[in-house]
Amino acid sequence: MYKLYLWLALLLMIEPAKASEQEQSIVFTATPNQCVALHKGQTCYQDVVFQWQTPEVGRFCLVFSESQQQLVCWDGRTIQQFQYSFESDSSATFSLIHSDNNSNNIRAIAEVKVVVTWVYKAPKQSPSGWRLF
């Protein structure tokens, strides 16, 4: 009886490990992951290369998270990188989503953020609006 409980406990521990191994096999990066504008509030322009490694089976899409705009979709490992012309005055998040072929189950499997920074903060305006020099 003790061996039965031991085997059941062992099986319960193995099954979640397989599921987490599949999730961990997803690699998703953005290069560069930072865009630098000259002044705060200015639009930053940067070519960003997204790279990933996904399982061989399934339908995947690269999505601009804020607007849910699909940038590119593919099956399995047919595409493993995508170049995107990033234009924004604020940081943005991009997601890899997986959709089951058998159902309409769509879920995000990885996420990366492109951070917008600036060299100079917004200039301080004097309260009166006058300048001496």
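Tutor: Let's begin with a term: a contact means heavy atoms within 4.5 Å. With that rule, residues 24 or more positions apart account for 57% of the contacts in the chain with a separation of 6 or more. Please keep in mind that this is a predicted model, where local features need pLDDT of at least 70 and side-chain atom pairs count only at pLDDT 80 or more, while totals for chains, interfaces and linings use all residues. Residues are numbered from 1 along each chain as its sequence is written, and side-chain values use heavy atoms, with hydrogens and water left out.

Student: How many helices and strands are there, and what makes a stretch count as one?

Tutor: The chain has 1 helix and 8 strands. Helices (H or I, at least four residues) and strands (E, at least two) are DSSP runs, numbered from the N terminus. From that end, the order is α-β-β-β-β-β-β-β-β.

Student: Why is histidine 98 called buried?

Tutor: Buried means under 20% relative accessible area, exposed means over 50%, and partly exposed lies in between (1.4 Å probe, protein chains only). Histidine 98 has 11% relative accessibility, which is under 20%, so histidine 98 counts as buried. Histidine 98 is found in strand 7, and its contacts beyond four places in sequence include Val57, Phe60 and Ile109. Across the chain of 133 residues, 29% count as buried.

Student: What makes arginine 59 and aspartate 75 a salt bridge?

Tutor: The definition asks for a side-chain nitrogen of Lys or Arg within 4 Å of a carboxyl oxygen of Asp or Glu. Here the closest N and O atoms are 3.5 Å apart, so the pair meets the rule of within 4 Å. The two residues link distant parts of the chain, with arginine 59 in strand 4 and aspartate 75 in strand 5, 16 residues apart. By this rule the count comes to 1 salt bridge.

Student: Are those two partners buried or partly exposed, and how do you know?

Tutor: Arginine 59 has a relative accessible area of 31%, and aspartate 75 has 43%. Both values lie between 20% and 50%, so both residues are partly exposed.

Student: How do you know that strand 4 and strand 7 pair?

Tutor: Two strands pair if DSSP finds at least two bridges between them. Strand 4 and strand 7 are joined by 6 bridges, so they qualify, and they run antiparallel. One example is phenylalanine 64, whose bridge partner in strand 7 is phenylalanine 94. Strand 2 and strand 8 are joined by 5 bridges and run parallel; there, valine 36 stands opposite threonine 117.

Student: What makes a group of residues a nonpolar core?

Tutor: A nonpolar core is a set of buried Ala, Val, Leu, Ile, Met, Phe, Trp, Tyr and Cys residues joined through side-chain atoms within 4.5 Å. The largest one here has 25 residues, and those touching the most other members include Phe28, Phe50 and Trp52. Strand 8 gives the most to this core, with 5 residues. Beyond four places in sequence, phenylalanine 50 touches Phe28, Leu62, Phe94 and Val112, among others.
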